[in-house]
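Please read it alongside the sequence and the coordinates.

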Amino acid sequence: MTLQNVPTLTVPEAFSRWLESRGLIYQLLTDFFGRKPTLSLVAQWSRNTHIGVAAEMTEGGRELKRYLCSQEPQNLPLICEQENKEYKRLMSEGAVNTFVPREAAHLGRTKDFCNVISDVYASAGIVFNKCNGEADDHIAIELEFMAVLHERMLYNSFSVRSAMELLEIQETFLEEHLLRWTPQFCERLNAATESPLYLGLSHMLEEFLPHDLQMLRGWKASLESGVTV
């Protein structure tokens, strides 16, 4: 596998399936943690043929696939109504006292911490158009940051060096931000809901992020050594 816009940057077979799937996984997580599960959103993902490939990477992904893809079309409106209520209960800040979907809340940081995160985004040249006024340290925004960097790395890099820089930004962001607070986030989410949708998302998130970091490190080492496997 060779990246489209970086002709000298080849991808060893051991990493190709992961690279093909990770952008979709980040987008799926961003969509459901950042938006109410409307009928169109649920239908979009339940019919997405690529969700099976993504589901192979985690047990949580398989849970989510079983739930989304096994529903009869006539049942989707009622399911969406139920999951909409759960989204509002869980993801509206302050709705559940023990559960807040923001990094600062889980790490005990002050409100000014959002400025630290926004500086990280700005240094990578990314500005988010947040329709619902989410804070910069909201789980959906941090996941979207990873999704955008992934797309840039694969399709908008024109040298090995620029692709490596984007890879390193993702590695650092996982180490210094997402993986520092999402284990606690997932633990609290698991305890706060019985929804198959949000349990599947939580399990997928807690399994995928450590795996993604491991794969980023492995691919980076492969690029640095010039060894393919």
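In this chain, which is a predicted model, the ring-pair rule gives a count of 9 aromatic pairs. One of them joins phenylalanine 15 and tryptophan 18 in an edge-to-face arrangement, with 6.3 Å from centre to centre and 70° between the planes. The points below take up this pair, a second pair and a cluster of rings, and then turn to the helix and the chain.

**Aromatic pairs**

- Phenylalanine 15 and tryptophan 18 both lie in helix α1, and because they are 3 residues apart there, about one helical turn separates them.
- In general, an α-helix has 3.6 residues a turn, so residues three or four places apart point the same way.
- Phenylalanine 15 counts as buried because its relative accessibility is 9%, below the 20% cut-off that defines a buried residue, and tryptophan 18 is likewise buried, with a relative accessible area of 3%.
- The rings of tyrosine 26 and phenylalanine 208 have centres 5.2 Å apart and planes at 75°, an angle over the 60 degrees required, and therefore this pair is also edge-to-face.
- Tyrosine 26 and phenylalanine 208 are both buried.
- Elsewhere, ring pairs connect Tyr121, Phe128, Phe145 and Phe173 into a cluster.

**Helix α1**

- Helix α1 covers residues 13–34, and at 1.5 Å a residue its 22 residues should span 32 Å, which agrees with the 33 Å that separates its end C-alpha atoms.
- Of the 22 residues of α1, 17 are buried, so the helix is largely enclosed by the rest of the structure.

**The chain as a whole**

- The secondary structure amounts to 10 helices and 0 strands, which along the sequence gives the pattern α-α-α-α-α-α-α-α-α-α.
- The chain has 229 residues, and buried residues make up 50% of them.
- Among contacts in the chain with a separation of 6 or more, 71% are between residues 24 or more positions apart.
- The chain exposes about 11000 Å², and carbon and sulfur atoms supply 49% of that area.

Notes:
Residues are numbered from 1 along each chain as its sequence is written. This is a predicted model: local features need pLDDT of at least 70, side-chain atom pairs count only at pLDDT 80 or more; totals for chains, interfaces and linings use all residues. Side-chain values use heavy atoms; hydrogens and water are left out. Helices (H or I, at least four residues) and strands (E, at least two) are DSSP runs, numbered from the N terminus. The expected span of a helix is 1.5 Å times one less than its number of residues. Buried means under 20% relative accessible area, exposed over 50%, partly exposed in between (1.4 Å probe, protein chains only). Contact means heavy atoms within 4.5 Å. Accessible areas come from the Shrake-Rupley method with a 1.4 Å probe; for residues, only the protein chains shown count as cover. Rings of Phe, Tyr and Trp (its six-membered ring) pair if their centres lie within 6.5 Å; planes under 30 degrees apart count as stacked, over 60 as edge-to-face and the rest as tilted.
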